[in-house]
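Please read this briefing alongside the sequence and the structure, which are displayed just below.

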Amino acid sequence: MLHKFTRNKILILDAGCRTAPFSINSSKCWQIVGVDINRNALKIAHKKAKNNRVLFMPIVCSLTSLPFKEDVFDLIICTEVIEHIKEDFLALKNMWECLKKGSYLFLTTPNRLVIPLRNPAHVRHYDPSQLLNILEKVNFDVLMYGRFN
């Protein structure tokens, strides 16, 4: 699904990006706003983006208090983050609000049915029905879900 974005100039929110390995390495056409609570990780991401000639703006903040207006981003990438957030509904609601209507959220999280060991850094582990339920409560239309390697 993300391949359709690789040729267009679009504004991406990399939510909880850490060092932004996915967004920075995916396309030089993207303009990326990376948010994370870890200032040092954002510094590394910014340096990596500059070296790769990718436009990257780092912002230190939590997903539960995003500083953006409504309808800003063409795509939000949130990989392996939501399971770390106590207020997951609020974080997803904030992402929904700053995502342009008709645009996409690309979200990954461990599946507790496949990875039964509990990671102590995670606030929760989702099974597919739990994740679908919260996404639908926030108003996301889930187009695709499943496992990938």
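Where is the place of L113? In this predicted model, L113 lies in the loop between β5 and α4, and T109 is found in that loop as well, which runs between β5 (99–108) and α4 (128–138).

**Overall fold**
- The protein is built from four helices and five strands, and, read along the sequence, these elements follow the pattern β-α-β-α-β-β-α-β-α.
- Its radius of gyration is 15 Å, close to the 15 Å that the globule rule gives for 149 residues, so the protein is as compact as a globular protein of that length.
- The C-alpha trace spans about 40 × 35 × 30 Å along its principal axes.

**Packing and surface**
- Of the 149 residues in the protein, 42% are buried.
- When contacts between residues at least 6 apart in sequence are considered, 63% of them join residues at least 24 apart.
- The accessible surface comes to about 8,900 Å², and carbon and sulfur atoms account for 53% of that surface.

- T109 counts as buried because its relative accessibility is 17%, and buried means under 20%.
- Leaving aside neighbours within four places in sequence, T109 is in contact with E80, I82, E83, Y126 and L131.
- L113, by contrast, is exposed, because its relative accessible area is 61% and exposed means over 50%.
- Together with V114 and I115, L113 forms a nonpolar patch on the surface, and the accessible area of these residues together is about 280 Å².

Notes: Residues are numbered from 1 along each chain as its sequence is written. This is a predicted model: local features need pLDDT of at least 70, side-chain atom pairs count only at pLDDT 80 or more; totals for chains, interfaces and linings use all residues. Side-chain values use heavy atoms; hydrogens and water are left out. Helices (H or I, at least four residues) and strands (E, at least two) are DSSP runs, numbered from the N terminus. Buried means under 20% relative accessible area, exposed over 50%, partly exposed in between (1.4 Å probe, protein chains only). Contact means heavy atoms within 4.5 Å. Patches are made of residues with over 30% relative accessible area and no salt bridge: like charges are joined within 9 Å, nonpolar side chains (Val, Leu, Ile, Met, Phe, Trp, Tyr) within 5 Å. Accessible areas come from the Shrake-Rupley method with a 1.4 Å probe; for residues, only the protein chains shown count as cover. A salt bridge is a side-chain nitrogen of Lys or Arg within 4 Å of a carboxyl oxygen of Asp or Glu. The radius of gyration is taken over C-alpha atoms; the globule rule is 2.2 Å times the number of residues to the power 0.38.
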